[in-house]
Amino acid sequence: MAMPMRRTLAALHRATCSTLKSGEASLDVRHPVPLFLPVRTKKRYFIPPAVGLKEKKRGNTEAKAQAAGIVFRQQYIERPINIACTAGIFDPYIPPEGDARLSTLSKEGLKQRTEQIKQSAASQLAIRKIKEHDSHFTSKNFAEQAQEIFIEAHNALTQFNKEKLHSLVTERCYPEMTRGNRYKTIHWRFIESLEPPKVVHARCPDMVSKGNLYGQVTVRMHSKQTLAIYDRFGRLMLGSEEQPKDVLEYLVIERHLVNPYSQWRLHGKIVPSWAPAKDPIIKTVMIPGPELKPGQEFDALNYQVPKPEAVQWNK
């Protein structure tokens, strides 16, 4: 019985192996019709957005919101303005040429004096309007007050006191005073007045509406000051702390007369056309030195600065 049982198992083993071989052979046969279709892969190049796509999406969202009963808040395109001060200097004062140099006893000085008297009629009318809203306003006392505002504003600028500076200068004057001073150190000092300050010009412009009045008073101030500006590396850029200079300035002080809680603030300066040019700013420039090897010291006495090559340019 053992022999036939062994023959039966051997036959079964041969049948199983032949079945597996036939299956492997059937896998190599490809189907005439493909079972899977190729799918387009992702594009690798950049597709710019369509023009006006955001506006179309916004319009669709608004339409969907209206259909759902949701009301969109109206968006105003108008640019907001600040009515606490004016946008500029109205009818600016034209300083006479040679001011603080010509004597009133000379012929040209007398001519300038007579012209100032003729032009002061409009200033008197403006001062009368200012006194209607500010009963404590006087030309003599206001000139000294304007000088104090000028000194306090520049002291706040050197100390970078933004809160105090906003209370002393208008919104128009603030960016003009602080622009470009982020990485600089300013040393300013008021020494003395060479001449007492005086009111030379006054105007009462209105803005937005006829009754919205602003008072602009121009004060002539001749003083001695020192100014020194240092860059972020501590190098002197302009001026000097030891050498004072005579400065003739025409300050414009403004106030919103209709607002009872407003105050006089520095609005700007008038620079005449005949004023001398300002001193050039000394800029810090890095001069590239020679490439040193490890352990080699730089000899500054024998080193010659290379001159830049001549380059053609046009303007």
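By class, the lining of the largest pocket has 24 nonpolar, 10 polar and 11 charged residues. Nonpolar here covers Ala, Val, Leu, Ile, Met, Phe, Trp, Tyr, Cys and Pro; charged covers Asp, Glu, Lys and Arg; the others, Gly among them, are polar. This is a predicted model, where local features need pLDDT of at least 70, side-chain atom pairs count only at pLDDT 80 or more, and totals for chains, interfaces and linings use all residues. Residues are numbered from 1 along each chain as its sequence is written, and side-chain values use heavy atoms, with hydrogens and water left out.

Now the pocket itself. Its volume is about 1,800 Å³. Of the 45 lining residues, the closest to the centre are Leu227, Val247, Glu249, Lys269 and Lys278. A pocket is an open set of points on a 1 Å grid over the protein atoms alone, with protein on both sides within 12 Å along at least five of seven lines; a cavity is a set where a 1.4 Å probe fits but cannot get out; lining residues have an atom within 4 Å of a point. Volume is the space filled by probe spheres set on the points, joined across faces, edges and corners.

Next, the cavity. There is 1 cavity of 30 Å³ or more. Its lining includes Ile89, Asp91, His201 and Thr218.

Last, cysteines. How many disulfides are there? The count is 0, a disulfide being a pair of cysteine sulfur atoms within 2.5 Å. The Cys173 sulfur is 9.4 Å from the closest cysteine sulfur, in Cys85, so it is too far for a bond.
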